[in-house]
Amino acid sequence: MATLSGRTRFRYSLGSFVTGSFGTVPGLVLVKYLTDTMAVPAGWAAAIVFVPKAWDVLFNPIAGRLSDADLIKTGSRRRFLLIGGIGVAILFAAMFAHPGFGGPLPDALYVAITFAACATAYALFQVPFNALPAELTESATERTKLTSVRIGVLAVTILVCGGGAPAITSGFEGVAGYRIMAVVIGLIVLAATLLVYFGLKDAPVGSLRPNTVNLKELVRTLAGWRPFRWLLGTYFIQALGIGTVLAAIPFFAQRILGDDAYGTVLFVIFVGPALITMPLWPRLGDRVGKLNGFRLATAAFAIGLLGLVFAQSIPLVVSFVFVALCGVGYAGISVFPLAILPDLITAEEERTGETRAGIAAGVWTAGETLGLAFGGGLWALILAFGGYVSSTDATAFQPHSAIVAILVGSSIIPGVLIALALPLLRRKVLEPRHEPA
């Protein structure tokens with residue numbers, strides 16, 4: 001089988017600037033944008049953050065069928081990459097434009113509509129982007145190399161966009177900061193889209209096969225695939241915790257540590273150790289086993305989060321150490337589920353004699369998206385429960401209950417969610433047994 005060139009791998013992986021930006025930045029800044037520039041009540045913000053992402057999950061199968069049809073018609077999915085990526089760039093900038101319709105309700109509706117439209121455009125990009133590795137090459141080895149480069153670019157994207165977005169919003173006062181941030185992120189998304197579209201123009205094609213499955217086949221497959229359901233449940237719970245943490249960072253920086261600027265510092269301290277240790281976790285997994293490695297990473301993340309409950313009474317540098325420990329754990333819980341999943345797919349395909357990779361990819365993406373969306377929504381509900389006071393300039397006095405909610409919601413609650421994975425990591429379920437069909 002033909003070997004993909006390094007240039008093709010790199011050009012494909014630039015699409016991670018689209019997926020990484022949309023997957024990270026709204027989770028970091030959207031709730032605070034709603035509550036602290038539009039004076040949207042936290043309860044409303046919960047719905048605005050969750051519903052468009054839930055719609056994204058529901059629309060994915062439709063986007064898949066549209067992409068499959070275009071594949072059959074034109075022999076390529078590149079056109080959908082272009083349409084979806086340009087749509088994300090424009091609508092992301094529009095989402096933070098803050099037209100100011102004269103009240104929290106119309107302003108909130110504007111954000112909800114533009115966010116849902118942006119999520120729709122994102123699905124049009126994401127589905128063909130995820131399908132391309134199977135069509136660029138039929139070699140499992142080449143796909144692994146392609147995915148490794150993609151993950152590396154994704155990590156850089158998370159660091160650059162996830163760290164840069166809060167820095168821009170805190171560097172300029174109020175609405176202006178969000179507008180500038182959105183334009184910058186939009187331009188990054190646009191540039192990445194064009195580079196992927198034109199860069200893959202002459203890329204090799206290993207196979208052209210539609211991969212969208214019908215609902216009946218999906219339900220039948222999942223009903224008989226217990227290990228996958230178990231791993232997906234674990235991943236969903238942890239994605240819920242991660243989504244909560246991302247949304248909490250700017251509030252924790254301002255209300256607990258006392259300065260908006262710490263938001264960028266916290267994110268860099270979180271992602272930096274994750275980038276450094278991400279290549280080390282697989283090596284540890286080779287020594288102690290993937291499940292044991294997953295358990296160690298989960299414990300590290302949970303301990304780091306739980307330690308932050310003392311942030312108001314411990315030296316700042318100690319809080320930073322706990323955040324760095326969270327980053328180390330985050331790297332592990334990002335690596336091991338994706339390392340275990342191919343084992344489960346291979347075992348199930350050998351057991352049944354049927355293809356499982358396409359179904360697994362679609363459901364896995366949906367589970368991750370829903371988990372992160374629920375996390376952002378959960379964070380907004382935590383603020384609402386604590387009586388957080390929304391405002392147009394982020395200077396409203398907060399009652400003690402709101403400060404407690406921020407402290408507990410950014411440490412204990414996500415820490416418990418992350419730790420809930422430990423009893424689910426059961427060897428008898430998640431270590432494939434090769435049995436005849």
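Residues are numbered from 1 along each chain as its sequence is written, and side-chain values use heavy atoms, with hydrogens and water left out. Because the model is predicted, local features need pLDDT of at least 70 and side-chain atom pairs count only at pLDDT 80 or more, while totals for chains, interfaces and linings use all residues.

**Exercise 1.** Determine how the axes of helix α10 and helix α13 are arranged, and which classes of residue make their contact.

*Solution.* 
Step 1. Helices are DSSP runs of H or I with at least four residues, numbered from the N terminus. Helix α10 covers residues 262-277 and helix α13 covers residues 316-352.

Step 2. The two axes come within 7 Å and cross at roughly 45 degrees. Axes are lines fitted to C-alpha atoms, for helices over the stretch in contact, and angles run from 0 to 180 degrees between N-to-C directions.

Step 3. Angles under 35 degrees count as roughly parallel, over 145 as roughly antiparallel, 65 to 115 as roughly perpendicular and the rest as oblique. Helix α10 is therefore oblique to α13.

Step 4. For contact (heavy atoms within 4.5 Å), α10 supplies residues including Leu-266 and Phe-270, and α13 supplies residues including Val-323 and Cys-326. The contact of α10 with α13 divides into 15 nonpolar, two polar and no charged residues. Here Ala, Val, Leu, Ile, Met, Phe, Trp, Tyr, Cys and Pro count as nonpolar, Asp, Glu, Lys and Arg as charged, and the others, Gly among them, as polar.

**Exercise 2.** Describe the packing of α12 against α13.

*Solution.* 
Step 1. Helix α12 spans residues 290-307, and its axis lies 7 Å from that of α13 at an angle of about 150 degrees.

Step 2. The two helices, α12 and α13, are therefore roughly antiparallel to each other.

Step 3. Among the contacting residues are Phe-294, Phe-301 and Leu-305 in α12, and Cys-326, Tyr-330 and Phe-336 in α13. By class, the contact of α12 with α13 has 16 nonpolar, six polar and two charged residues.

**Exercise 3.** State how α9 and α16 pack, and which residues form the contact.

*Solution.* 
Step 1. The axes of α9 and helix α16 (residues 412-419) are 8 Å apart, at an angle of about 160 degrees.

Step 2. That angle makes α9 roughly antiparallel to α16.

Step 3. Pro-414, Leu-417 and Ile-418 of α16 take part, together with residues of α9 including Ile-237 and Val-245.

**Exercise 4.** Find how many cavities of 30 Å³ or more the structure holds, and characterise their linings.

*Solution.* 
Step 1. A cavity is a set of points, on a 1 Å grid over the protein atoms alone, where a 1.4 Å probe fits but cannot get out; lining residues have an atom within 4 Å of a point. Grid points are joined across faces, edges and corners, and a volume is the space filled by probe spheres set on the points. The search finds two cavities.

Step 2. The largest cavity holds about 140 Å³. Its lining includes Val-245, Leu-266, Phe-270, Val-323 and Cys-326, and α9 gives the largest share, four residues. That lining has 10 nonpolar, one polar and no charged residues.

Step 3. The second largest cavity holds about 100 Å³. Helix α2 gives the most to its lining, with four residues. The classes there are seven nonpolar, four polar and one charged.

Key
1 Å grid on protein atoms, 1.4 Å probe; cavity = no way out; pocket = protein on both sides within 12 Å on 5 of 7 lines; lining within 4 Å.
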